[in-house]
Amino acid sequence: MKTKAWRRFLWGMRDGMPICTGYLAVSFSLGIFAGSIGMTAFQGFLASLLNNASAGEYAGFSLIAADAAYVELALVTLIANARYLLMSTALSQRFSPDTPFFHRLLIGFDVTDELFGLAISHPGYIDPVYMYGAFSVALAGWSVGTALGIVAGNILPVRVVSALSVAIYGMFIAIIIPPARKDRVVAALVVISFAASFAFAAVPLFSALSEGTRTLILTIVISGGAAILFPVKAEEPEASGKGGERDAS
Amino acid sequence: MHHNVYAYIFTMAAVSYVIRVLPLTLIRRKIDNPFLRSFLYYVPYVTLAVMTFPAILGSLSAPFPAQLPGLIALVLGIVLAWRGAGLFPVAIACCVAVFLTQLFI
């Protein structure tokens, strides 16, 4: 039985709310940075609406401030956002053969760390309508937050901003822990990833790399190692694939 | 700034979109290669884990108690998610944990 589209859209909005609040906090600070280099609230709003990338935008804004060449800006954006190439490749495997092509073009607009996490937190095929619901609140939070940061600088007390900013990590945890509980390999990978990421952030040689680059390197090395040592049996992740059905929990 | 800010913004946007949409549109069929399949199965969990820790602690260069709220949020989040709490409850619990702990340090 297929649930009505508007209900699936609403579920997407509801599940997108932690992303929205997290984005508000993060983009707020991104906005403060954008304001400091002289961007207007509208420019910040537009940049965030069209880019949907924290690290990518931060890197981009730095280059705008430095009056860099367009090619340089394009290259840095490419490197800072390269991990989305992996995420989109993973998502490409989650489309039902029945899903019309234009959904791929639309879903591609907002593949972010968090929305990707949300998409893969549901087993089976992607439900584009559900994702659009999540996109709607996430895009609003991200772009409005950037503009607010530019306009107001400091509307919220620092304590509130820093408390809101962990919403995103709470969401990540809620996504990776349930599969880690069922699959020991995933559990071990989570622990290894935590440790390796901590080491990369603490060791000066690696911490000099941008966060996006570190994420990319660690993801490729750890996932690649796991894929060699513990290949997944065919069809495992897609076994329960039924587009359009999601429980409301 | 000599360059046009809007041209900058659209350059960034074009690159960001192409990165995301190319794999989605070019890879239309199921990938059969066992290594690639396994790799793509593990990628999301590893990426999210890498981005969660130590970022949740905040600045690592600050003196110790500054990382405590994030650490408590991490532990609380793992415990709650392990017991089956959903995305929103876990996220809210982490925010509240950080807010409250901050009041005491």
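**Domains, chain contact and core of the predicted model**

The domain assignment of chain A gives domain 1 (5-166) and domain 2 (183-240); the bounds come from an automatic or database assignment. Residues are numbered from 1 along each chain as its sequence is written, with chains lettered from A and ligands numbered from 1 in the order in which they are written. The model is predicted, so local features need pLDDT of at least 70 and side-chain atom pairs count only at pLDDT 80 or more, whereas totals for chains, interfaces and linings use all residues.

The model scores ipTM 0.85 and pTM 0.71. Mean pLDDT (the predictor's confidence in each residue, from 0 to 100) is 84 for chain A, where 91% of residues reach 70 or more. For chain B the mean is 89, and 98% of residues reach 70 or more. Within chain B, confidence is lowest in α2(B), at a mean of 86, and highest in α3(B), at 96. Helices here are DSSP runs (H or I, at least four residues) and strands likewise (E, at least two), numbered from the N terminus. Residues 236-249 of chain A stay under 50 in pLDDT. The model has 22 contacts beyond four places in sequence for this stretch. Where pLDDT is low, the predicted coordinates should not be read in detail.

The C-alpha centres of the two domains of chain A lie 22 Å apart. Their contact takes 10 residues from domain 1 and 9 residues from domain 2. Two residues are in contact if their C-beta atoms, placed from the backbone, lie within 7 Å. On the domain 1 side, α3 (54-65), α4 (70-80) and α5 (83-92) of chain A each supply at least two residues. That side divides into 7 nonpolar, 2 polar and 1 charged. Ala, Val, Leu, Ile, Met, Phe, Trp, Tyr, Cys and Pro count as nonpolar, Asp, Glu, Lys and Arg as charged, and the others, Gly among them, as polar.

Between the chains, 63 residues of chain B are in contact with 81 residues of chain A. The chain B side draws two or more residues from each of α1 (5-26), α2 (34-52), α3 (68-82) and α4 (87-104). Its largest share, 18 residues, comes from α2(B). By class, the residues of this side are 48 nonpolar, 12 polar and 3 charged.

The largest nonpolar core has 109 residues. Such a core is a set of buried Ala, Val, Leu, Ile, Met, Phe, Trp, Tyr and Cys residues joined through C-beta atoms within 7 Å. A138(A), M171(A), A174(A), I176(A), V90(B) and C94(B) touch the most other members. Helix α8 (residues 128-152) of chain A gives the largest share, 14 residues. At least three residues come from each of domain 1 and domain 2 of chain A. Beyond four places in sequence, A174(A) touches G77(B), A81(B), A85(B), G86(B), L87(B), V90(B) and A91(B).

Helix α9 (residues 158-165) of chain A has A163(A), L164(A) and S165(A) as its buried residues. A residue is buried if 20 or more other C-beta atoms lie within 10 Å of its own, exposed if 12 or fewer, and partly exposed in between, with C-beta atoms placed from the backbone. The cover over these residues includes α1 (5-36) and α10 (167-182) of chain A, together with α4 of chain B.

N52(A) is placed in the loop between α2 (41-51) and α3 of chain A. N52(A) counts as buried because it has 29 C-beta neighbours inside 10 Å. Leaving aside neighbours within four places in sequence, N52(A) is in contact with D110(A), T112(A) and W142(A).
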